[in-house]
There are 2 protein chains.
Amino acid sequence: MTDYRRLRVALLGAGSVGSQVAGLLRQHADELADRAGARLELVGIAVRDVDAPRDVELPRELLTTDAETLIVGADIVIELMGGIEPARTYVLQAINSGADVVTGNKALLATHGPEIFDAADQVGAEVYYEAAAAGAIPIIRPLRDSLAGDRVQRIMAIVNGTTNYILDRMDTEGAEFADVLADAQRLGYAEADPTADVEGFDAAQKAAILASLAFHTAVPLDAVHREGITAIDKSMMDSARHAGYVIKLLAVCERLTGPEGESISVRVYPTLIDRAHPLASVHGANNAVFVQAEAAGNLMFYGAGAGGVQTASAVLGDVVSAARRHIAGGVGVGESTLANLPVVPVGRVTTRYHITLEVDDQPGVLATVAGILSEGRVSIATVEQTVVGDGEAGSGIARLVIGTHKALEQDLSETVDRLAASGVVERVVSVLRVEGD
Amino acid sequence: MTDYRRLRVALLGAGSVGSQVAGLLRQHADELADRAGARLELVGIAVRDVDAPRDVELPRELLTTDAETLIVGADIVIELMGGIEPARTYVLQAINSGADVVTGNKALLATHGPEIFDAADQVGAEVYYEAAAAGAIPIIRPLRDSLAGDRVQRIMAIVNGTTNYILDRMDTEGAEFADVLADAQRLGYAEADPTADVEGFDAAQKAAILASLAFHTAVPLDAVHREGITAIDKSMMDSARHAGYVIKLLAVCERLTGPEGESISVRVYPTLIDRAHPLASVHGANNAVFVQAEAAGNLMFYGAGAGGVQTASAVLGDVVSAARRHIAGGVGVGESTLANLPVVPVGRVTTRYHITLEVDDQPGVLATVAGILSEGRVSIATVEQTVVGDGEAGSGIARLVIGTHKALEQDLSETVDRLAASGVVERVVSVLRVEGD
């Protein structure tokens with residue numbers, strides 16, 4: 001066996017990902033040494049409770065509650081604690097003590113990314129974060145390196161497994177949101193408090209990270225427009241299916257070109273996409289990142305978005321990269337913010353819309369609705385009118401499903417307000433964006 | 001604008017990819033400089049004929065027929081000439097004069113990879129080859145870096161756009177091979193001499209590159225088992241569809257575990273895959289690489305497998321990486337052959353089979369066939385018998401479609417020979433492998 005230099009690896013956190021990372025580091029030690037050019041010596045694992053049960057059995061002597069002491073003298077610190085504090089403090093301590101950092105902490109990067117990357121820059125350390133963007137899917141290096149000579153125009157990504165699982169089951173089983181969510185919680189696909197997933201917070205953090213990377217721009221989390229999936233119901237699913245679409249929670253990161261130059265939009269919301277689109281066939285808790293680049297054309301990266309051992313794969317890839325850099329020098333995968341494009345609010349985005357209204361079933365109503373849309377600069381592509389209820393004439397209410405051409409979000413939003421106040425519209429049932437063309 | 005150091009870039013070849021690379025290098029010079037940390041100065045383009053028409057207009061003063069002089073003094077040499085010689089000589093010259101090399105030349109790497117990587121190792125140069133593996137799809141860095149902490153178990157890849165285009169049209173239109181090939185040639189999807197594509201030579205070169213990378217083993221091209229698609233006809237397509245499959249030309253790179261330890265198999269042949277498999281929905285001339293890794297689970301990378309500007313994206317990503325390394329040092333994406341697993345012949349592979357036979361329509365024939373399979377250690381999973389011709393009893397010939405459980409290729413092959421010689425089998429219509437489980 002080659003006599004490799006040893007690198008000291010400290011692990012912070014031994015939850016579902018951390019315990020798998022610890023297990024794989026020990027199980028594949030020889031292979032990892034060959035690939036990294038250094039032996040990766042796990043010197044300790046910082047945990048809150050050394051007696052807590054773990055997914056993978058870990059040697060008791062490696063466990064410690066003293067993260068700060070563990071970090072001192074480590075060459076590589078793997079942070080898998082999650083949350084902002086104390087993760088932020090430990091990561092900064094690691095950087096300042098000369099270690100490279102590997103983290104899967106999307107919340108931390110989305111909120112304190114610039115602080116952390118700046119700190120790393122100042123001391124020449126690197127921060128690796130493949131596991132923070134789309135679980136096990138290798139997306140950081142493709143965006144950072146493989147596409148470095150290209151220009152990303154748009155990313156549309158399914159980056160939250162829980163919501164994709166819920167929407168997929170609603171679509172395939174015709175089930176209601178609350179029922180599928182309860183089932184997902186029972187099966188462990190959703191947390192007891194599902195807010196971070198179903199309200200799109202998790203997806204928004206990942207969208208900020210992907211957009212930062214794709215557009216070489218620091219995207220703050222509060223610049224990401226975010227809507228969750230709690231308002232999606234069976235009737236919207238049915239209406240989408242009827243029109244040839246499926247509803248997915250998408251993170252959309254888009255380069256916009258206007259008279260004042262280039263800008264970007266980053267948004268997370270439920271959207272309709274054509275059933276023939278590659279993203280439509282991403283089922284269950286899987287994730288996928290669809291990238292449209294100027295030269296490369298359409299690319300898609302597909303895989304598990306979560307899961308302890310799957311995410312551990314991404315973490316270990318980063319650990320090997322960090323080790324290689326310790327041995328051979330060179331640059332890591334740190335942020336590049338040289339383009340620094342402005343991030344515009346969602347009102348400046350253009351997309352297509354699928355609007356469902358309940359209107360009075362009276363002569364002239366369609367003309368009134370069409371007139372309001374036209375005045376609002378929203379051009380109609382398709383209309384379908386059906387009678388609500390038992391289908392008898394004169395029941396009083398008709399359902400109008402309108403597909404629009406591309407319109408400005410701000411125009412659309414104001415137009416929908418005018419429709420709601422017009423007197424002929426009883427209820428705005430839903431307004432969904434259509435992405436993917 | 002930042003005052004960057006200049007790097008001298010020499011381009012060999014100005015065909016469909018090379019001319020796009022030259023165009024993008026000039027068009028996006030400022031952005032590329034920001035990303036690379038150096039200005040990429042295109043100092044010349046070696047071509048066979050300076051007057052030949054190009055896809056992209058190139059400044060006449062950059063064109064030269066003297067590649068050797070151009071290489072001298074270049075920091076980065078981009079080789080997009082194709083073919084073995086003089087590409088091999090120029091690449092070795094570039095390495096020995098201290099340049100890093102970016103190449104899209106799969107034939108060169110599949111046949112002279114070890115020589116080239118060894119030469120680079122000896123002088124500390126790097127060879128980048130993202131464009132050689134699957135066109136525009138970023139697959140080298142995911143395999144080399146992102147999955148460096150994982151163990152790839154199997155790759156199943158559609159790496160030849162021409163054959164995927166032909167098979168896809170045969171599947172969707174019910175057309176015959178020769179007709180679709182002729183049409184593909186007319187449309188520019190297939191060459192006038194289609195041998196390299198339809199006989200699987202191009203796919204075999206890419207399979208050797210992918211397997212080398214995935215298994216950290218030098219895989220010589222002649223260790224790749226190769227079969228083309230010229231024998232695939234409409235009736236096989238129909239039979240596949242009837243059984244829920246689609247036929248794809250797959251490059252399969254697989255880790256095998258046996259009593260003597262680990263080995264690998266690399267093979268290219270037309271296979272049946274389930275229509276629900278993600279690879280089944282790769283249409284037209286697109287490529288996709290499906291990776292099964294021990295920890296990460298199933299991943300898929302999808303995109304354009306060919307095309308001048310698409311492939312240029314992969315080349316430029318490599319050029320930026322090479323430039324970063326010139327500025328900051330570090331390691332490139334060169335070969336790692338430390339695992340050096342033996343490559344076994346196709347006979348040692350186990351997979352499922354779909355066997356179509358024409359047999360005498362006589363009592364006892366099925367029992368005879370089943371007996372021969374059983375003696376040959378080939379276990380039957382499904383059988384379907386239909387009468388050939390007008391369906392009248394006594395027409396003399398029945399068609400037997402047998403789906404097997406997993407069997408050893410060598411056993412299967414010997415068993416098929418025995419079936420053919422058995423007296424009850426009139427004709428072995430087809431034997432296709434089933435991959436993907």
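B:Phe117 and B:Tyr129 are both buried, meaning under 20% relative accessible area, where over 50% is exposed and in between is partly exposed (1.4 Å probe, protein chains only). The model is predicted: local features need pLDDT of at least 70, side-chain atom pairs count only at pLDDT 80 or more, and totals for chains, interfaces and linings use all residues. Residues are numbered from 1 along each chain as its sequence is written, and side-chain values use heavy atoms, without hydrogens and water.

The whole structure holds 5 aromatic pairs over all chains. Rings of Phe, Tyr and Trp (its six-membered ring) pair if their centres lie within 6.5 Å; planes under 30 degrees apart are stacked, over 60 edge-to-face, and the rest tilted. One of the pairs joins B:Phe117 and B:Tyr129, edge-to-face, with 5.5 Å centre to centre and 65 degrees between the planes.

B:Tyr165 and B:Tyr189 form a stacked pair, at 4.2 Å centre to centre and 20 degrees between the planes. B:Tyr165 lies in helix α8 of chain B and B:Tyr189 in the loop between α9 and α10 of chain B, so the pair ties together parts 24 residues apart in sequence. B:Tyr165 is buried, with a relative accessible area of 10%, whereas B:Tyr189 is partly exposed, at 40%.

Helices can be paired too. The axes of α14 (residues 365-375) and α15 (residues 409-420) of chain B come within 9 Å and cross at roughly 150 degrees. That makes α14(B) roughly antiparallel to α15(B), a word for angles over 145 degrees. Across the contact (heavy atoms within 4.5 Å), B:Val369, B:Ile372 and B:Leu373 in α14(B) meet B:Thr415, B:Arg418 and B:Leu419 in α15(B).

Technical notes. Chains are lettered from A and ligands numbered from 1 in the order in which they are written. Axes are lines fitted to C-alpha atoms, for helices over the stretch in contact, and angles run from 0 to 180 degrees between N-to-C directions. Helices (H or I, at least four residues) and strands (E, at least two) are DSSP runs, numbered from the N terminus. Angles under 35 degrees count as roughly parallel, over 145 as roughly antiparallel, 65 to 115 as roughly perpendicular and the rest as oblique.
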